[in-house]
Amino acid sequence: MDAEYEDSTVHLYSLANYTFGTKEAQYEKDTSVQLRFQRMKEEYQKHGMRRSVEAILLVHEHNITHVLLLQLGTTFFKLPGGELKPGEQYTDGLKRILDNFMGEEEDAAVDWQVDHLVAKWFRPNFEASQYPYVPAHVTKAKEEKRLYIVQLPEKAKFAVPKNYKLVAAPIFELYDNTSGYGPVIAALPHQLSRFSMNYVVS
């Protein structure tokens, strides 16, 4: 069962507790934005609305909340996540995607604990615009994206594809910064404000 909206405490461990390595590059299925939306349109005809999921991974540095983001190039940032397979549960799919994209190796797998559903975003058409609601004139969204807090263990080692960089962005840098991070990431400080952050010092 998917985690429900609820107020709760999130335990944040120091950024210094985590080790970051690299592995073979992973590339998007589509070589351009135009091809991505063309594929979305074709899949919509076959399977209906696309379902995707993203992880909010939180750490702290000097008792300030930081969000782990994937950086591609110099200006593009995204939360770890991706598309679900037809019929796949949101939480199961998120664990699969995180294992594939950020896991180091099977014998050192990270225990991804998917805790809280934080937000839903919708793509009304086959284009870039996303909203935290379905516009009134849209009969059915073309994509639904769910964002979950994933409680990290006290210590872990991550391996990120070498064409990406994993960065820790302070939450105050994200707030109201749509131009730098896009609307989904820029909304995180507001959405996370209902949670109590427990900064664990080890």
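**Fold, cores and a surface strand residue**

Q: What share of the 202 residues of the chain counts as buried?
A: This is a predicted model. A residue is called buried when its relative accessible area is under 20%. Of the 202 residues in the chain, the share that counts as buried is 48%.

Q: How many helices and strands are in the chain?
A: Both kinds of element are present, with five helices. The strands bring the answer to five helices and twelve strands.

Q: Why is the chain as compact as a globular protein of that length?
A: For 202 residues the globule rule gives 17 Å. The chain is as compact as a globular protein of that length because its radius of gyration is close to that value, at 17 Å.

Q: Which element supplies the largest share of the largest nonpolar core?
A: The largest nonpolar core has 28 residues, and L57, L94, M102, W112, V150, L152 and F158 touch the most other members. At least two residues each come from β3, β5, α2, β8, β9 and β10. Six residues, the largest share of this core, come from α2.

Q: Which residues does F158 touch, not counting residues up to four places away in sequence?
A: F158 is among the members of the largest core that touch the most others. Its partners include M102, W112 and L152, which are also in that group.

Q: How many residues are in the second, separate core?
A: Among the members of this second core are V10, V67, L79 and F195. The core is separate, and its residue count is 24.

Q: Is T22 buried or exposed?
A: T22 lies in strand β2, residues 18-23. Exposed means over 50% relative accessible area. T22 has a relative accessible area of 62%, so T22 is exposed.

Q: With which residues is T22 in contact, leaving aside its neighbours within four places in sequence?
A: T22 belongs to strand β2. Once neighbours within four places in sequence are left aside, the contacts of T22 are A159, V160 and K162.

Q: What is the distance in space between T22 and P124, C-alpha to C-alpha?
A: In sequence, T22 and P124 are 102 residues apart. In space, their C-alpha atoms are separated by 35 Å.

Terms used
Residues are numbered from 1 along each chain as its sequence is written. This is a predicted model: local features need pLDDT of at least 70, side-chain atom pairs count only at pLDDT 80 or more; totals for chains, interfaces and linings use all residues. Side-chain values use heavy atoms; hydrogens and water are left out. Helices (H or I, at least four residues) and strands (E, at least two) are DSSP runs, numbered from the N terminus. The radius of gyration is taken over C-alpha atoms; the globule rule is 2.2 Å times the number of residues to the power 0.38. Buried means under 20% relative accessible area, exposed over 50%, partly exposed in between (1.4 Å probe, protein chains only). A nonpolar core is a set of buried Ala, Val, Leu, Ile, Met, Phe, Trp, Tyr and Cys residues joined through side-chain atoms within 4.5 Å. Contact means heavy atoms within 4.5 Å.
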